[in-house]
Amino acid sequence: MGIVEKIKEIEEEMARTQKNKATEYHLGLLKAKLARYRAQLLEPTSKSGPAGVGFDVQKSGDARVALIGFPSSTLLSKCTHTASETAAYEFTTLTAIPGVIEYQGARIQLLDLPGIVEGASQGRGRGRQVVATAKTADLILIMLDATKSEEQRRLLEIELDTVGIRLNKRKPDVVFKRKTTGGITLNTTVKLTKTNDKTIRTILAGYKLHNCDVMIREDITTDEFIDVLIGTRKYIPCLYVYNKIDAVSLELVDKLARTENTVVISCEMDLKCVDLSDPTLLSTDPTVSTRSLDYLIERIWESLGLVKVYTKKRGERPDLSDPVCLRKGATIEVGANFALRIRKLLDVAFRRMSAWESINHSPQIYDTDSFGEFILLQ
């Protein structure tokens, strides 16, 4: 029996099993097996196979945004002026096509991926390559057709969730550590209402984990605990982009635009946005200069959470035209890559850095020796 057949058998057994107190341990074990088989399906142990066309694209710029959807749109061409093949039929994009958005001093790589079809998690339609590339993204744009039903969105979410991509979720606050002896030590700082101690121990046994420390700091579900054990899940922010809104009613446009993490656009009509604070106010008036795509780019910037860092020479004003962009929450102490990038740009070695949190505060001095092997002094 192959992996696909085993997955199907487990899914059928889970569908037949009633959910109650008596079966939650059995269901937990089935979920653990299912997650393990799905991981094996996406990452086969055999490396042999015929040579094919290269798919992945080298990551560049300050952030990467992946376009994912059923055979989708001309958004890449509109936003980046990059030629992406389009036609009246579906599946015109067969490999990853990169483009670059320059916004507020940042270079954001926009990656147009082949359309995901139902069954992509099992390898259909170059599903494995699309998923592997999508996991390297800092933000995912799910392209949807406003003229179609919400089923398309549900299917995409299922496919991405199946391959380990968690959309608009954060990593569970659980600490898991293997050890050689001592058995299982399980501690919780909150009351567990969605799972229990016995289910967790059953799952650990299913993964042959008999010696480990587990600290749970939030009320998690069984699926979230399995995600922690597997350790390969990616938690990526996502925007749902509905195209072709010119072909649906205003009531539907208003409903979609007010949905959380959603942007409405029309690539063909190039609709204008009268007020960026209210994306539902759209117009074809040529006197309105702001495109609805501009609002989309602004939402991309907000979702990425980039922070602009400006550099300055001693005794001179900072150069506000060429920032260095970092992810929000980054610190100088752990920002060895930041120091390395500055050093490459200046092509000089330096021993100390001064950092200002704002112009109203005195700078803090950092010794580059604290960055360890990342900084090599000449």
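This is a predicted model: local features need pLDDT of at least 70, side-chain atom pairs count only at pLDDT 80 or more; totals for chains, interfaces and linings use all residues.
Q: How do you know which strands are the edge strands of the open sheet?
A: The open sheet has 6 strands in the order 2-3-1-4-10-11, with mixed pairing. Strand 2 (97-103) and strand 11 (262-264) each pair on one side only, and these are the edge strands. Neighbouring strands of this sheet are turned by 25° against each other on average, with direction ignored.

Q: What makes helix 5 a helix that packs on the sheet?
A: Helix 5, residues 151-162, touches strand 1 (63-69), strand 4 (139-145), strand 10 (238-243) and strand 11. The direction of helix 5 makes about 150° with that of strand 4.

Q: Why are strand 2 and strand 3 said to pair?
A: Pairing requires at least two bridges. Strand 2 is joined to strand 3 (residues 106-112) by 7 bridges, so the two strands pair. They run antiparallel. As one of the residues involved, Pro98 has Leu111 in strand 3 as its bridge partner.

Q: Why is Phe176 called partly exposed?
A: The relative accessible area of Phe176 is 22%. Buried means under 20% and exposed means over 50%, so Phe176 falls in between and is partly exposed.

Q: Where is Phe176 placed, and what is it in contact with?
A: Phe176 is in strand 6, residues 174-178. Leaving aside neighbours within four places in sequence, Phe176 is in contact with Leu204, Leu209, Cys212, Asp213, Val214, Val228 and Leu229. Phe176 and Asp213 are 37 residues apart in sequence and 5.9 Å apart in space, C-alpha to C-alpha.

Terms used. Residues are numbered from 1 along each chain as its sequence is written. Side-chain values use heavy atoms; hydrogens and water are left out. Helices (H or I, at least four residues) and strands (E, at least two) are DSSP runs, numbered from the N terminus. Axes are lines fitted to C-alpha atoms, for helices over the stretch in contact, and angles run from 0 to 180 degrees between N-to-C directions. Contact means heavy atoms within 4.5 Å. Buried means under 20% relative accessible area, exposed over 50%, partly exposed in between (1.4 Å probe, protein chains only).
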